[in-house]
Amino acid sequence: MSSLLEGIFPPSRETYEILLRSWQIGYPIIGSMQWIIKWYGMGKTSVASPFNIPGRVAWMTMESPGFLTLLYVMNTLPQKVGIEDLPWQNRVLGGLFVIHYSYRAILFPLLQPSMSPIHVGVWALAIGFQLCNALCLSSWLSAYGPVTPEAWASSSSLPQFIFGIGIFYLGLSSNFFHDEELREIRRREQKRQERIRAQQQQQQSSNNTNGGSGGGVEKHYQIPQAGLFRYVLYPHYLSEWIEWLGFYMAAGWGCAPARAFLVNEVFSMLPRAVNGKKWYAERFGEEKIRGKWAVIPGVL
């Protein structure tokens, strides 16, 4: 067992190549299954089930393995293969990955006013995604990609690298902005429900009844309008694709792990956006979402 783990954490060259092939071929198939699974294909992470995990706990534990794995591999694999120091480009790209997933794994769930439970199946698939992705990217950044200035000069020129970083940060800021818009809608709804509950309690107290109706407050749904929400229903998905397109550009067009990551992000999120648009149409009517695309303005 120890020798097996040693070949995976950190990955040997052979393990890296096997993982990368599996990542490039296997996950698009898994992601495509969402076209036929309605509840997860719509981005709903749970159904009524005893196997649901509390939202914040599930989110933190399924998103954290990615950046923790990358940090571990980048701090162990170079020495194992005899690399004394990595070029600054490797460290910058590793840092971008950690920045994104520190937000997604820690800040995002803490900032959410509420989080729905997550089914253990979705949780397990997310952990698998994180581990495969982080092992492939960190192996490339640590040893099996460009590890000298000369190699970087032929993989990604300095202007291309800088431009890619700029695109990454554009996507990251857009991602945060549109996440915050969704959070603000939830905050307003939470306050509305709290006011209704307070009014119900006051009414019960003044009537001195033995319980009254006191039921739950009906859920409220709203179509966001700020930013790119004016044009698409899932701009936070598009923003994340922009992030990893920038990362891929900075890493160089020959970086197979970065390319696979971007492709797998699309295969993972596109079914949810398309099915989610159908849900919006059913909930609000075609008139309310007319002129809005699912995720890519003018395309889909």
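Reader: Which residues does D179 touch, leaving out those up to four places away in sequence?

Author: A contact list names the residues that a side chain meets. In this predicted model, D179 touches Y103, R104, F108 and H236, with residues up to four places away in sequence left out. D179 itself is found in helix α8.

Reader: Is D179 buried or exposed?

Author: Look at the relative accessibility. D179 has 4%, so it counts as buried, the cut-off being under 20%.

Reader: Which residues touch the most other members of the largest nonpolar core?

Author: That core has 59 residues, and L93, F97, W244, F247 and V295 touch the most other members. Several helices, including α2 (13–32), α4 (55–80), α5 (88–111) and α8 (158–207), each supply at least two residues of this core. The largest share, twelve residues, comes from α10.

Reader: What does F97 touch?

Author: Leaving out residues up to four places away in sequence, F97 touches G66, F67, L70, N133, A134, L137, W244 and F261. Of these, W244 is also among the core residues that touch the most other members.

Reader: What does the second core include?

Author: The second core is separate and has eleven residues, among them Y103, I118, V122 and I127. Y103 is also one of the residues that D179 touches.

Reader: Where do C132 and C255 stand, buried or partly exposed?

Author: C132 has a relative accessible area of 26%, so it is partly exposed. C255, at 1% relative accessibility, counts as buried.

Reader: What is the volume of the second largest pocket?

Author: Rolling a probe the size of a water molecule over the atoms shows where empty space is left. In this structure, the second largest pocket has a volume of about 200 Å³.

Reader: Which residues lie nearest the centre of the second largest pocket?

Author: Its lining has 14 residues, and L71, M74, N75, L86 and R91 lie nearest the centre. Helices α4 and α5 each supply at least two residues of the lining, and α4 gives the most, with six. By class, the lining has seven nonpolar, four polar and three charged residues.

Terms used. Residues are numbered from 1 along each chain as its sequence is written. This is a predicted model: local features need pLDDT of at least 70, side-chain atom pairs count only at pLDDT 80 or more; totals for chains, interfaces and linings use all residues. Side-chain values use heavy atoms; hydrogens and water are left out. A nonpolar core is a set of buried Ala, Val, Leu, Ile, Met, Phe, Trp, Tyr and Cys residues joined through side-chain atoms within 4.5 Å. Buried means under 20% relative accessible area, exposed over 50%, partly exposed in between (1.4 Å probe, protein chains only). Helices (H or I, at least four residues) and strands (E, at least two) are DSSP runs, numbered from the N terminus. Contact means heavy atoms within 4.5 Å. On a 1 Å grid over the protein atoms alone, a cavity is a set of points where a 1.4 Å probe fits but cannot get out, and a pocket is an open set with protein on both sides within 12 Å along at least five of seven lines; lining residues have an atom within 4 Å of a point. Grid points are joined across faces, edges and corners, and a volume is the space filled by probe spheres set on the points. Ala, Val, Leu, Ile, Met, Phe, Trp, Tyr, Cys and Pro count as nonpolar, Asp, Glu, Lys and Arg as charged, and the others, Gly among them, as polar.
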